[in-house]
Amino acid sequence: MGLGQLASRALFRSTRLASSKPQLLLRRAIVSTPDLHNSGAAAAEAQPEPDLPKRNPVAGARVHFPNPDDVIEVFVDGYPVKIPKGMTVLQACEIAGVDIPRFCYHSRLSIAGNCRMCLVEVEKSPKPVASCAMPALPGMKIKTDTPLAKKAREGVMEFLLMNHPLDCPICDQGGECDLQDQSMAFGSDRGRFTEVKRSVVDKNLGPLVKTVMTRCIQCTRCVRFATEVAGVQDLGMLGRGSGEEIGTYVEKLMTSELSGNVIDICPVGALTSKPFAFKARNWELKGTESIDVTDAVGSNIRIDSRGPEVMRIVPRLNEDINEEWISDKTRFFYDGLKRQRLNDPMIRGADGRFKTVSWRDALAVVAEVIHQVKPEEIVGVAGKLSDAESMMALKDFLNTMGSNNIWCEGNGSNPNADLRSGYIMNTGINGLEKADVFLLVGTQPRTEAAMVNARIRKTVRATNAKVGYVGPPADFNYDHEHLGTGPETLTELSEGRHPFYSALSNAKNPAIIVGAGIFGRNDKDAIFSVIEKIAKNINAVRPDWNGLNVLLLNAAQAAALDLGLVPQSEKSIENAKFLYLMGADDENLDKLPNDAFVVYQGHHGDRGVYRANVILPASAFSEKEGTYANTEGCAQTTVPAVPTVGDARDDWKIIRALSEVAGVRLPYDSLSAIRSRISTVAPNLLNVDEREAAAFSTSSLRPEVKEKMDNSAPFGTAVENFYMTDSITRASKIMAQCSASLSKK
C-alpha cells in the first residue's frame, strides 16, 4: 500500500472520528514550508482558536461594557472570557458558565468574604483564593474544578457543618436550602467532629421573621441587608470565636418595612417566615407568577398555593421595578384573601339584614332600580384594587345608561387626566438611580411605596444624592433636609429664595416626586402649577430627562386615568340616587343622600358593605386575570393562582351580565374582546411588561392656573397605617399583628 493511500485512509478515519465525537478533538493548524522560515508571523497568524463548546452564563448573567477600553480577558478552566475591569473572579466564572458555591456573597450586598466556600485555584497563587473578594486581572488563569479547589471546599463545608444541627426534617428551609444543596454537591461524605455542638438562644425579631439561631452560619447577609438596603441598624454580629452570634444589640424588634427579605437571602434555616412555619413544604406548592396590588409599584411576585389556599408570596426578579425585594405588606397580607370574604349575592331586607339570593334575582333588582333614577343621579366608583378590564366595563355600562360620573378611589373628585405625564412617574422607578437631587413634595415613600423608597435610598448611598422634603415630619431611612410643611415652601423654591434651590438648580438630573395625596386637595391645580414652574426653572424636563414625577398610591389609579375615569360633576356623591361601588371601601359617603340605592361589588366584607343595599361577590386579584398599570405607567397582568371563593365572579363579567339584564348589553363576551375595546381608549395598557413613556410634558401644555395655593393648609399624611391600606390587608390577621407591634404609636 502506497503512502498516498495510507494518508487518505488516516484522513478519512480522522474525519469520521471528528463527526462522531466533535467535543474530544481540537483542530490542528497545518503550516506550510515557507511559513516555517517566517516563524514569528506564522505564530501570530496560525494561533488556533480553541474549539471549545459555547457556554451559557449562570442564571442569565449579562455583561455590560461601559468603556470598551476597560475590557480584560481571563481564562476560566481554559475558557476565554471578556469582562470589564473591576469584576471579581466569581463574576467572571458566572459569565463563563461556571457556578461557584457561595454563602456570604450576594450580588446586591457588599462583599464580606467570610464563608470561604467560593475558594478557587488561581495560577501562580500559593493557595486557593476567595473568588468573591478577588478582583479579576488581565490574563488570569482560574481553575474551579481541580483537586485542590475540591478539597478546600470540602474542608470549609466540614467546618460549617461542625456546629450545624441536624434539623433538616423539621426545618422550614428544607428543600430550598443552600446548605443542603451545597453539602450534597461539594461536601464530604463524612465528618470528623465528635465534640458537643454549640447552641444559640433564638431572637425575637417580631411577628414576621422566625429565628432558630443555632442554625446560623454567620454569613452576615441579614446584617448587610438591614444596614445597606433596609436602612435600619437593627442587626449586628456579637461576640468572638465560637461565641459569635447574630442578633439585635438590645432586645428589640426588627422595625423595617422590608424585614421579610432576610427570609429569602438567608442561605440556611436560621431566618424563616413565622406565619408560614410548619404549614407546607416547597415541593407541595404550585407557583403562579403574578403582580402585587397593595400599592402602585406593581412588584413582581410569585403566589405559592396548595389547593384553594394561598400559602405564601415570594418576590420575582424585575430589575426595572422591585429588583428582587418586596415589602412586608406584599409578602404577608395573603391570609386576608381567605378572611371576611363575600361568597354569595345578597340583598338587604326590610329588617336591615342581608339575605342570600341567586345571581338572577340580585341582578334583576339592580337593573330595576337603575332604570328608575335619572342618568345624572347614577354614580360609579372603582376601588383601589380594580383592574383595567373591569373599569372599562363599568365606564361603558354607566355611559350607556347616560351617566358620566365615574372615578377611581384616590384620584379625587376632579382629576386632571388630559396628559399622562401629569400622573405617572416619568423617570421610571429604575430611572431614579440617575437622579442626583430629589425633591419630595407631600409624599412619604417609605409608607406609600416601599420599593420606590428603597430605590431612592440605593441612589443616595451610591452617589450621595441630596434629598429635600416638603411635608409633615416623617421617618426616612436616609439623609434628607426637611424644607417645610406646606405650600409656602414651594413658593420660596419657585422664586429661588430657598437655600435648597441652589442644590436643585446645580443638579444635572433633578427629580421632583409629588405625592398622590395632593389629588384630594382643593388647591391641587395651583400646587401642580407651582411645581411645574420649579421644574422649568431647574431644567428638570428636557428631551433626554423628565424629572417631574407623581407617585401614585393605589394599583388602579394609573389605569383609571388612562381610561378616562373622570367625573362630570364634582358634587356627584351629594346628588346620587344610585351608587355603584366596585370594590370602593374608602370613599367618603357622609354626604350621600339617605334614600340612595347602593350596590357594592367586591370580594371582602369591608367598609363599603355597611351602606350597601345589594352585594355582588367578586373575585380577588389572585383569582382572576386582569391588567394593572403601575405608578410609572408599565402595564402588567395578574393570572389566577387559586379558584374563586363561593359563587363569586370576575368584576367585568358581573357588569357584562348586569348590562344584559338592564337591556343595554355591552358588546364583549370575552377577555380578548374587552381588551380590544381597551385598545381604542388606552392602547398602552395592552403593551404588557413594557413601560410606555408619556409623549408630552404637562409643563408646556397645561393652561395657566389663576387660583392661589392655600398656604394655611400644610400637606397631610396619605398613608396613616402602612400595614392596613385596603380591604385585603384590613382582613389580614398577620397585618393586624404587625400594626399592633410595629406601627409607630
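The legends below describe close-up views of a predicted model. Local features are given only where pLDDT is at least 70 and side-chain atom pairs only at pLDDT 80 or more, while totals for chains, interfaces and linings use all residues. Residues are numbered from 1 along each chain as its sequence is written, and side-chain values use heavy atoms, with hydrogens and water left out.

**View 1. Open antiparallel sheet of strands β10, β11 and β12.** The three strands are arranged in the order β10-β11-β12 with antiparallel pairing. Strands β10 (286–291) and β12 (309–315) form the edges, each pairing on one side only. From one strand to the next, the twist averages 30 degrees; axes are lines fitted to C-alpha atoms, for helices over the stretch in contact, and angles run from 0 to 180 degrees between N-to-C directions. Strands β10 and β11 (residues 300–306) are joined by six bridges, and Ser290 stands opposite Ile301 in β11. Two strands count as paired if DSSP finds at least two bridges between them. Helices (H or I, at least four residues) and strands (E, at least two) are DSSP runs, numbered from the N terminus.

**View 2. Two spans annotated as domains in UniProt.** An unreviewed UniProt entry lists residues 285–341 as "domain: 4Fe-4S Mo/W bis-MGD-type". In the model this span is 9% helix and 35% strand, and its end C-alpha atoms lie 23 Å apart. The annotation "domain: 4Fe-4S His(Cys)3-ligated-type", also from an unreviewed entry in UniProt, covers residues 148–187. That span is 55% helix and 0% strand, with 14 Å between its end C-alpha atoms. UniProt positions are given in the numbering used here, feature names are shortened, and annotations may be inferred rather than shown by experiment.

**View 3. Salt bridge between Arg306 and Glu284.** The side chains of Arg306 and Glu284 meet at 2.8 Å, N to O. This pair links distant parts of the chain, with Arg306 in strand β11 and Glu284 in the loop between β9 (271–273) and β10, 22 residues apart. A salt bridge is a side-chain nitrogen of Lys or Arg within 4 Å of a carboxyl oxygen of Asp or Glu; by this rule the count comes to 49. Arg306 is partly exposed because its relative accessible area is 35%, and Glu284 counts as partly exposed at 38%. Buried means under 20% relative accessible area, exposed over 50%, and partly exposed in between (1.4 Å probe, protein chains only).

**View 4. Further salt bridges.** Asp651 and Lys624 form a salt bridge at 2.9 Å, N to O. Asp651 lies in helix α18 (residues 651–661) and Lys624 in the loop between β26 (614–617) and β27 (626–629), 27 residues apart. Both Asp651 and Lys624 are buried. Asp145 and Lys150 meet at 4.0 Å, N to O; Asp145 counts as exposed at 52% relative accessibility, and Lys150 as partly exposed at 44%. A network of salt bridges links Arg108, Glu319, Glu323, Glu324, Glu433, Arg455 and Lys458.

**View 5. Helix α16.** Helix α16 has 14 residues (residues 524–537) and should span 20 Å at 1.5 Å a residue, which agrees with the 20 Å between its end C-alpha atoms. The expected span is 1.5 Å times one less than the number of residues. Buried residues of α16 include Ile527, Phe528, Val530, Ile531 and Ile534. The helix is followed by Asn539, whose phi is positive, near 60 degrees.
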